[in-house]
Amino acid sequence: MLTVSVYRYNPESDREPSMHEVQLDTGGRDLMVLDVRELLKVDILYAYPEWSAAALYEAGRCLSLLGRIEDARKQFAQVVERFKDSEWARLSSRELSAAG
């Protein structure tokens, strides 16, 4: 099973953004979607700090998995700087410390 976070916000019908975790059956195969550009678009398109922080953190994780360590560090540092009191900043700080 693969757990995916699904974000939804339609200003015409939703009072506020929401996020749901969805489990997908991958038939035993490992699936990983590493589309950093789409994650970065969340920060640009939606003026919602919780989503921006989460998307930038996940972009950093994807970049790290792709071996782009310096780019990943930049994403984590941005989360810490812009969203200092969030859980995402705490997680990003941990990633920065682990990377040395």
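The protein exposes about 7,200 Å², and carbon and sulfur atoms supply 51% of this area. Accessible areas were computed by the Shrake-Rupley method with a 1.4 Å probe; for residues, only the protein chains shown count as cover. The model is predicted, so local features need pLDDT of at least 70 and side-chain atom pairs count only at pLDDT 80 or more, while totals for chains, interfaces and linings use all residues. Residues are numbered from 1 along each chain as its sequence is written, and side-chain values use heavy atoms, with hydrogens and water left out.

The secondary structure comprises 4 helices and 2 strands. Along the sequence the pattern is β-β-α-α-α-α. Helices (H or I, at least four residues) and strands (E, at least two) are DSSP runs, numbered from the N terminus. Of the 100 residues, 28% are buried. Buried means under 20% relative accessible area, exposed over 50%, and partly exposed in between (1.4 Å probe, protein chains only).

The largest nonpolar core has 15 residues. Such a core is a set of buried Ala, Val, Leu, Ile, Met, Phe, Trp, Tyr and Cys residues joined through side-chain atoms within 4.5 Å. V36, Y57, F76, V79, F83 and W88 have the most contacts inside the core. Two or more residues each come from α2 (49-65), α3 (69-82) and α4 (87-99). Helix α2 gives the most, with 7 residues. Leaving aside residues up to four places away in sequence, F83 touches P49, S52, A53, L56, Q78 and A89. A contact means heavy atoms within 4.5 Å.

The whole structure holds 4 aromatic pairs. Rings of Phe, Tyr and Trp (its six-membered ring) pair if their centres lie within 6.5 Å; planes under 30 degrees apart count as stacked, over 60 as edge-to-face and the rest as tilted. Y48 and W51 form an edge-to-face pair, 5.7 Å centre to centre with 75° between the planes. Y48 is partly exposed at 32% relative accessible area, whereas W51 is buried at 6%. Y57 and W88 form a tilted pair, 5.5 Å centre to centre with 45° between the planes. Y57 lies in helix α2 and W88 in helix α4, so this pair ties together parts 31 residues apart in sequence. Y57 is buried, with 6% relative accessibility. W88 is also buried, at 17%.

L45 belongs to helix α1 (residues 36-45). L45 is exposed, with a relative accessible area of 59%.
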